Amino acid sequence: GGLKNLSSLDLCCNELKELPETIGELKNLSSLNLSYNELERLPESIGELKNLSSLNLESNKLERLPESIGELKNLSSLDLGSN
């Protein structure tokens, strides 16, 4: 949560099982790559990333997305392949 000016975060291929709720504090994030992990769900706070334009969730274990995903008004690229 202390990385307030971070604009791009690539956590690909890290066997992550979950994300902390504090992910929503990264207000300047425009690109988030979470592909090839073990994520089964996303925290509701993902919807607080108002500047997010690209979200890659390819090859995880997601069965559904949080309702807050609809708050991402600047999102122009979303990859949900192989979930």
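Tutor: Let us start with N56, which is buried, with a relative accessible area of 18%; buried means under 20% relative accessible area, exposed over 50%, and partly exposed in between (1.4 Å probe, protein chains only). This is a predicted model, in which local features need pLDDT of at least 70, side-chain atom pairs count only at pLDDT 80 or more, and totals for chains, interfaces and linings use all residues. Residues are numbered from 1 along each chain as its sequence is written, and side-chain values use heavy atoms, with hydrogens and water left out.

Student: In which element is the place of N56?

Tutor: Helices (H or I, at least four residues) and strands (E, at least two) are DSSP runs, numbered from the N terminus. The place of N56 is in strand β3.

Student: With which residues is N56 in contact, leaving aside its neighbours within four places in sequence?

Tutor: Contact means heavy atoms within 4.5 Å. With those neighbours set aside, N56 is in contact with L32, N33, L34, S35 and D79. L32, in turn, is in contact with L9, I46, L49, L52, S54, L55 and N56, again leaving aside neighbours within four places in sequence.

Student: How many residues does the largest nonpolar core have, and which have the most contacts inside it?

Tutor: A nonpolar core is a set of buried Ala, Val, Leu, Ile, Met, Phe, Trp, Tyr and Cys residues joined through side-chain atoms within 4.5 Å. Here the largest such core has 17 residues, and those with the most contacts inside it are L29, L32, L34, L42, L49, L52 and L55.

Student: Which residues form a nonpolar patch on the surface?

Tutor: Patches are made of residues with over 30% relative accessible area and no salt bridge; like charges are joined within 9 Å, and nonpolar side chains (Val, Leu, Ile, Met, Phe, Trp, Tyr) within 5 Å. Accessible areas come from the Shrake-Rupley method with a 1.4 Å probe, and for residues only the protein chains shown count as cover. In this model L65, L78 and L80 form a nonpolar patch, with about 210 Å² of accessible area together. L80 is found in the segment after β4 (77-79) and is partly exposed, at a relative accessible area of 34%.

Student: How many salt bridges does a search of the whole structure find?

Tutor: A salt bridge is a side-chain nitrogen of Lys or Arg within 4 Å of a carboxyl oxygen of Asp or Glu. The search finds four. One of them joins K27 and E48, whose closest N and O atoms are 3.5 Å apart. Because K27 lies in the loop between β1 (8-10) and β2 (31-33) and E48 in the loop between β2 and β3 (54-56), the pair ties together parts that are 21 residues apart in sequence. K27 is partly exposed at 41%, and E48 is partly exposed at 38%.

Student: Where in the chain are K61 and E38?

Tutor: K61 forms a salt bridge with E38, with the closest N and O atoms 2.8 Å apart. The pair links distant parts of the chain, K61 being in the loop between β3 and β4 and E38 in the loop between β2 and β3, 23 residues apart. K61 is partly exposed, at 44% relative accessibility, as is E38, at 24%.

Student: Which residue meets K50 in a salt bridge?

Tutor: The side chain of K50 meets that of E71 (3.7 Å, N to O). This pair also links distant parts of the chain: K50 is in the loop between β2 and β3, and E71 in the loop between β3 and β4, 21 residues apart.

Student: How many disulfides does the count give?

Tutor: A disulfide is a covalent bond between the sulfur atoms of two cysteines. The rule applied asks for a pair of cysteine sulfur atoms within 2.5 Å, and by this rule the count comes to zero. As for individual cysteines, C12 is partly exposed at 24%, whereas C13 is exposed at 52%.
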